[in-house]
Amino acid sequence: MVSPRHPVDVLLLLRRDDQILLALRDGTGYADGQWNLPSGKLEFGEDAVTGVIREAYEEIGITLAPAQLRLAATIHHRSSAEHARIGLAFAATFDSGAHGEPLNAEPHKCAKIAWFPAGRLPPDTYPYSAACVRAMLDTTPFVLSGWDD
């Protein structure tokens, strides 16, 4: 029997008033054309807080401090029968003075970034990201996503 592998993702729920920042994936071969939270996999030996801070800087060019983050939800997402992952969704309230202005820091992977009402995400939002936003809005600490089939 093969032991399961569940990569650990860190996802950023960056809030500005009632809006959330999303990035439109492009040129990656994975979920291209869909809106996604700034996110990525933990690197070997990296803790989750350091990982989400790193991903925020790499993807949207903002600087976060550990004290500005709170764990909003844990998502166990399955994209297919063979692939599942664990996501730690961290929320932060956007502060341009402390963080800097978000920008598309990875134009080779992202077509653009934009703010959307958290309660009305675009229809082409990747289900994993949408599940994270719903969990945050509903204050649900743990969510299964993609396991209903």
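**View 1. Thr 139 in its loop.** In this predicted model, look for Thr 139 in the loop that runs between H3 and strand E8 (142-145). Thr 139 isn't a glycine, yet its phi is positive, at about 50°. How accessible is Thr 139, buried or exposed? Its relative accessibility comes to 65%, and the cut-off for exposed is over 50%, so Thr 139 counts as exposed.

**View 2. The largest nonpolar core.** This core has 23 residues, and the members touching the most others are Leu 13, Ile 20, Leu 37, Ile 75 and Cys 132. Strands E1 (8-16), E2 (19-25), E5 (70-80) and E6 (83-93), along with helix H3 (127-138), each give two or more residues to it. Which element provides the largest share? That's H3, with six residues.

**View 3. Zooming in on Cys 132.** Leaving aside residues up to four places away in sequence, Cys 132 touches Leu 11, Leu 13, Leu 37, Ile 75 and Ala 89.

**View 4. Asp 17 between two strands.** Asp 17 sits in the loop between E1 and E2. Here's another non-glycine residue with a positive phi, this time about 55°. With 72% relative accessibility against a cut-off of over 50%, Asp 17 counts as exposed.

Technical notes. Residues are numbered from 1 along each chain as its sequence is written. This is a predicted model: local features need pLDDT of at least 70, side-chain atom pairs count only at pLDDT 80 or more; totals for chains, interfaces and linings use all residues. Side-chain values use heavy atoms; hydrogens and water are left out. A nonpolar core is a set of buried Ala, Val, Leu, Ile, Met, Phe, Trp, Tyr and Cys residues joined through side-chain atoms within 4.5 Å. Buried means under 20% relative accessible area, exposed over 50%, partly exposed in between (1.4 Å probe, protein chains only). Helices (H or I, at least four residues) and strands (E, at least two) are DSSP runs, numbered from the N terminus. Contact means heavy atoms within 4.5 Å.
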